[in-house]
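Biologist: Could you walk me through the charged side-chain pairs here? I'd like to know what to look at.

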Amino acid sequence: EVDYAIFEVGLGGELDATNIVNPMVSVNTNIGLDHTDYLGDTYVQIARTKGGIIKENTAFITGEKKKECLDVFKEICDKHHSSLILTKEISCIQYNLDTVSFCYDDCEYCLMTGANYQCYNAVLAIEVLRYLKDNHKVNYSDNDLKKGLYQAKWKGRFEVIRKDPLIIIDGAHNKEGMDAFCNAAQKYSNIKIIFSALRDKDTHGMIEKLLELSDDLTICEFNHYRAQKAELLAENFPVKIEK
C-alpha cells in the first residue's frame, strides 16, 4: 500500500524481472560499459537492452548524451508511440566539501554532497517529477522540490565518513563511474586511495584512472565469492598491496 514505488532494474532492462511492471514513466540515467558479458560490449547494444523497459505510450526520460544511444532510444520510443524526454544543460556548478549548487532552467538548486556528478542525477529527477506533475500524478511546489533535493542523501556515493582526516568512500564500479568520481575528487590534494573490486569489473581501466588522480594507491581485497584477489587486481601497476 505504498503511494509510489520506484523499481530499479537489476540487470539491463529488457529481460530483467522488473520489466513486468507497467510504469507511469520509464527512466535511464546513462549508458556505461558494464555487465558486458550479458548486455553486449558496445554502447549501442547496451542501449537497446536498457531501452527494453520502454512501454507503449509511456514517456522515457534519460540523462544520456551519446548520440548512438539516443538514436536507439528514439527508434524504440517511436515504435511504442512514446515520448523521449532529455535533460537539458546545467550551468553555474559551484561546489565545496559539503555542498554543490547549480542552475537548471533558470532555477538554482543546492545538493548536500561534494560530488558534482550528482547534479546530473538531480536534473534527471527534476525532469521525472515535472513530467509526473504535468500529467497529474504528483503535486508539489518549487520550494518542495528544492528542499527535497537539498535533503536527499545517497550513502556510498562520495560519502564523507570523517572530516579530520578527510575520508570519502565511493561505490564507483565501472569506467564511467570512476571517471565521475575522479572528476569530483580532483579538487583535493595529497590524495591517498584504497581500492578493491569484484573480478567481473573493468578493474584495469579503473586503476589507470585512479593513478591519474594519485600515485599513492593501495590495492586490497574483501571476503566475497565474486571478489578479485589483490595480486590480480594490482597487475603490474605501480601500486601497493595490503590485503
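**Charged pairs**

Modeller: D71 is partly exposed, with a relative accessible area of 40%, where partly exposed lies between buried (under 20%) and exposed (over 50%), using a 1.4 Å probe and protein chains only. This is a predicted model in which local features need pLDDT of at least 70 and side-chain atom pairs count only at pLDDT 80 or more, while totals for chains, interfaces and linings use all residues. Side-chain values use heavy atoms, without hydrogens and water, and residues are numbered from 1 along each chain as its sequence is written.

Biologist: Which residue forms a salt bridge with D71?

Modeller: K67 does, with the closest N and O atoms 2.8 Å apart; a salt bridge here is a side-chain nitrogen of Lys or Arg within 4 Å of a carboxyl oxygen of Asp or Glu.

Biologist: Changing topic, is E127 buried or exposed?

Modeller: E127 is buried, at 7% relative accessibility, and its side chain meets that of K88 in a salt bridge at 3.0 Å, N to O. E127 lies in helix α4 (residues 118-134) and K88 in the loop between β3 (84-86) and β4 (91-95), 39 residues apart.

Biologist: What network does K88 belong to?

Modeller: Salt bridges link K88, D105, E127 and R130 in a network, and within it R130 and D105 pair at 2.7 Å, N to O.

Technical notes: Helix = DSSP H or I, 4+ residues; strand = E, 2+ residues; numbered from the N terminus.
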